[in-house]
Amino acid sequence: MSNAATFDTRTDSAIPVESPLAYSYRRSGAPAAGPESRVTLRERALLGHLVLRGGAIVLDEAVREVLGLNLPGQPQGLVQDERGERSIQWLSPDEWLVIVPGGEEFELETRLRERLGDAHYAISDVSGGQTLLELSGEAARELLMKTVIYDVHPSHFPVGRGVTTVFAKATTILRRPSEERWELVVRRSFADYCYRWLLDAGEEYAIGVVR
């Protein structure tokens, strides 16, 4: 077991918690999705985000045992469970992003540390520092083409890929977990900026927000 000091960053359940976009909804509104909406935006707020660093072989064994998923086998790879609730993305040669339902991250970190023991690794809980924005609809890719510098054509960006790129002027993680869905993992401090940008860029597609 690691001797690193760990603690659960989740506040007591009696304390109300706001999503990173709570202020944005009040300030900029949230247009409802309707039949004419060709893009739908949804924040999957307050999920558990862990960054793992270390040797792939050691981490893969631990993650498979604890989470039931293998590390992606290819650079920029993204794997998820059958329900799409838990995922692992390859960020760099020795770095992976794990996203799980909110509230699971501390137990997951604890179990991974117990399993990894004295191995050389690092686990960072970044749940409070970022959020996930989900885009779906027939014009989602078209909207992204106006906003990100990375080539999002299906031949270059297939399902199961995730990259770190630039969204407008903000660094973001762009992922494609399914044919119908795209995801943006953005820093909390840039969430309002990205939200307002998406509303503006998506206006011609009658973008709707699901809350």
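Reader: Where is Ala206 placed?

Author: Helices (H or I, at least four residues) and strands (E, at least two) are DSSP runs, numbered from the N terminus. Ala206 lies in the loop between helix H5 (191-201) and strand S11 (208-210). Its phi is near 55°, a positive value in a residue other than glycine. This is a predicted model, in which local features need pLDDT of at least 70, side-chain atom pairs count only at pLDDT 80 or more, and totals for chains, interfaces and linings use all residues. Residues are numbered from 1 along each chain as its sequence is written, and side-chain values use heavy atoms, with hydrogens and water left out.

Reader: Is Ala206 buried or partly exposed?

Author: Buried means under 20% relative accessible area, exposed over 50%, and partly exposed in between (1.4 Å probe, protein chains only). Ala206, with a relative accessible area of 25%, is partly exposed.

Reader: In which loop is Leu46 found?

Author: Leu46 is in the loop between strand S1 (40-44) and strand S2 (48-54). Its phi, near 60°, is positive in a residue other than glycine, and Leu46 counts as partly exposed because its relative accessibility is 32%.

Reader: Over how many bridges do S8 and S9 pair?

Author: Two strands pair if DSSP finds at least two bridges between them. Strand S8 (residues 161-167) pairs with S9 in the antiparallel sense over 7 bridges, and Gly162 stands opposite Arg175 in S9. The two strands form a hairpin with 2 residues between them, and Ala168 in the turn has a positive phi of about 55°.

Reader: What is the bridge partner of Arg175 in S10?

Author: The partner is Glu183. S9 and strand S10 (residues 181-187) run antiparallel, joined by 4 bridges, and a hairpin connects S9 to S10 through 4 residues. Of the 7 residues in S9 (residues 170-176), 6 are buried.
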